[in-house]
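Subject: Structure for your review

Dear colleague,

Please find the structure below, together with its sequence. My notes on what was found follow it.

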Amino acid sequence: MVNEPEQIPTIFIVDDEPAIRNAFSLIVQSMNYQVKCFSSAIEFLDYIDSHTIQGPVCLITDLQIPEMSGIELLEQLNSLGKVFPAILTTGHGDKALKYKSEKLGATFLEKPFRPAKLQNMITTILNQVSGKTTET
């Protein structure tokens, strides 16, 4: 049996603030993953509508983005049958939002946070998607 080469994960980042997108992108690139950044949920939805998404992926989206919130983006993806493991970031979280995001399959991450926390969340999500277990 020939082992197929492992695909490099792609991390999608949706945030309207360029500085935040750049910071997230640098964190993800330091993990040697592919990064694709989008300034709006609509831009991301247009991308996934016109591209075949393969391999392990993770979506990082802000809760408060123009045109469509992070929660609305996750709901739209679910309605389209395009469910991605996701991290929903916010500086204005509460228990109701955390519950709603988790119900949609997203991990909730409150700002500010340390880069290592985001890296650990991404690693955990990608390991779950690929069926790998992590040792603690």
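A residue counts as buried when its relative accessible area is under 20%, and as exposed when that area is over 50%. Please keep in mind that this is a predicted model.

With that cut-off, T10 is buried, because its relative accessible area is 9%. T10 belongs to strand β1, which covers residues 10-14. Apart from neighbours within four places in sequence, the residues in contact with T10 are Q34, K36, P56, V57 and C58.

In soluble globular proteins, nonpolar side chains tend to be buried together. Here the largest nonpolar core has 23 residues, and F44, L59, L73 and L77 are those with the most contacts inside it. At least two residues of this core come from each of β1, α2, β3 (57-62), α3, β4 (86-90) and β5 (106-110). Helix α2 gives the most, with 5 residues. L73, leaving aside its neighbours within four places in sequence, is in contact with V14, A41, F44, L45, L59, T61 and M68. There is also a second, separate core of 15 residues, which includes I11, I27, C58 and I125.

Two packed helices are described by the angle between their axes and the distance between the axes. Helix α2 (residues 41-50) packs with helix α3 (residues 70-80) at an angle of about 20°, and their axes are 11 Å apart. Angles under 35 degrees count as roughly parallel, so α2 is roughly parallel to α3. The crossing of these two helices, α2 and α3, is right-handed. On the α2 side the contact is made by A41, F44, L45 and I48, and on the α3 side by L73, Q76, L77 and L80. Sorted by class, this contact of α2 with α3 has 7 nonpolar residues, 1 polar residue and no charged residues.

Finally, some backbone details. Most residues other than glycine have a negative phi, and most peptide bonds are trans. N32 is not a glycine, yet has a positive phi of about 65°. N32 lies in the loop between α1 (18-29) and β2 (34-38), and is exposed, with a relative accessible area of 62%. E67, also not a glycine, has a positive phi of about 75°. The loop between β3 and α3 holds E67, which counts as exposed at 63% relative accessibility. A cis peptide bond joins K111 and P112, with omega about -5°. P112 lies in the loop between β5 and α5 (115-130).

With kind regards

Terms used
Residues numbered from 1 in each chain as written. Predicted model: local features only at pLDDT ≥ 70, side-chain atom pairs only at ≥ 80, totals over all residues. Heavy atoms only, no water. Helix = DSSP H or I, 4+ residues; strand = E, 2+ residues; numbered from the N terminus. Buried < 20%, exposed > 50% of the residue type's maximum accessible area, 1.4 Å probe, protein only. Contact = heavy atoms within 4.5 Å. Axes fitted to C-alpha atoms, helices over the stretch in contact; angles between N-to-C directions. Parallel < 35°, antiparallel > 145°, perpendicular 65-115°, else oblique. Left-handed = near helix turned anticlockwise from the far one by under 90°. Nonpolar A, V, L, I, M, F, W, Y, C, P; charged D, E, K, R; others polar. Core = buried A, V, L, I, M, F, W, Y, C linked by side-chain atoms within 4.5 Å.
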